[in-house]
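Please look at the model below before reading on.

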Amino acid sequence: MRFLKGTIRVIGLILGVILGGTLVIVLSWLPFWRYRQLPLAAWIPTWTARFYCWLFNVEIVGANKEKIGAHQGLLFANHVTYFDIFVLSTFIPLRYLAKEEVLNIPFVGRVGRIIGCVFVKREDKSSRRQARQVIGKLETYPAITIYPEGRRGTGEGLLPFRYGAFAIALEHGIPILPCVIKYEQFEYMIWQRSEGILRAIWRLGSRPGGRLRARLVLLPVVVPREGDTAEGLAKAVQAEMEAILD
């Protein structure tokens, strides 16, 4: 039974990526088609994320979807698994800061560009600087999602936050909405850095038992003020998020 359940879920996720991505590309040719003031193509990842939560029987609790939907600025979240994107995208279309390698993946990179993701080559200072300039010029709605740890964590607390994203907020006066994702039965959600993504998906998809809950906690919006520093903001926001995780 677990094998059958896992197989159905993995196939469903793959088909969702293919179908959802195809719809994003097709609808991008029709930019005048809009829903709730946003291009219809931007909503496809949100509807796909809702399908994945249903498929894997993951319930999102504790979140104020109106607050996420109304936020104009940056959204900072902790990052431990591929499922983080689905949890965050369930409520409203979001844009992401992503590594440049994603852009080079056929089909996936094109979809990411269409929905407004910003790609950066992390080891290249000029690329990071360019990404900061691009983000500073973008409309702040819908929110741009950044993982301030800079990479996927281990789940044993937060990695030290990088200051670049906070420097962007300071330079352009962009509000920050910090949020924390906490998973029940975390051992099924984690994506170990030493394993492939299909193995991680299989662990979640074939798990025993029923519903798994993901708690999304939204912290107060942080508005950069004169005299703030990127380092100071990073440390303050990290301390607040760690308090929730603990």
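The crossing of helix 8 and helix 11 is right-handed, a term used when the near helix is turned clockwise from the far one by less than a right angle, left-handed being the anticlockwise case. This is a predicted model, in which local features need pLDDT of at least 70 and side-chain atom pairs count only at pLDDT 80 or more, while totals for chains, interfaces and linings use all residues. Residues are numbered from 1 along each chain as its sequence is written, and side-chain values use heavy atoms, leaving out hydrogens and water.

**The helix pair**

Helix 8 spans residues 164–172 and helix 11 spans residues 230–245; their axes come within 8 Å and cross at roughly 120°. Axes are lines fitted to C-alpha atoms, for helices over the stretch in contact, with angles from 0 to 180 degrees between N-to-C directions. From helix 8, F166, A167 and L170 meet A230, L233, A234 and V237 of helix 11, contact meaning heavy atoms within 4.5 Å. The residues of this contact divide into seven nonpolar, no polar and no charged; Ala, Val, Leu, Ile, Met, Phe, Trp, Tyr, Cys and Pro count as nonpolar, Asp, Glu, Lys and Arg as charged, and the others, Gly among them, as polar.

**The chain as a whole**

The chain holds eleven helices and nine strands, which are DSSP runs numbered from the N terminus (helices H or I, at least four residues; strands E, at least two). Of its 246 residues, 47% are buried, that is, under 20% relative accessible area, with exposed over 50% and partly exposed in between (1.4 Å probe, protein chains only). Among contacts between residues at least 6 apart in sequence, 75% join residues at least 24 apart.

**Cysteines**

A search of the whole structure finds zero disulfides, a disulfide being a pair of cysteine sulfur atoms within 2.5 Å. The sulfur of C53 lies too far for a bond because the closest cysteine sulfur, in C179, is 14 Å away. For C117, the closest cysteine sulfur is also in C179, at 16 Å, again too far for a bond. C53 is buried at 7% relative accessibility, and C117 is buried at 16%.

Most residues other than glycine have a negative phi.
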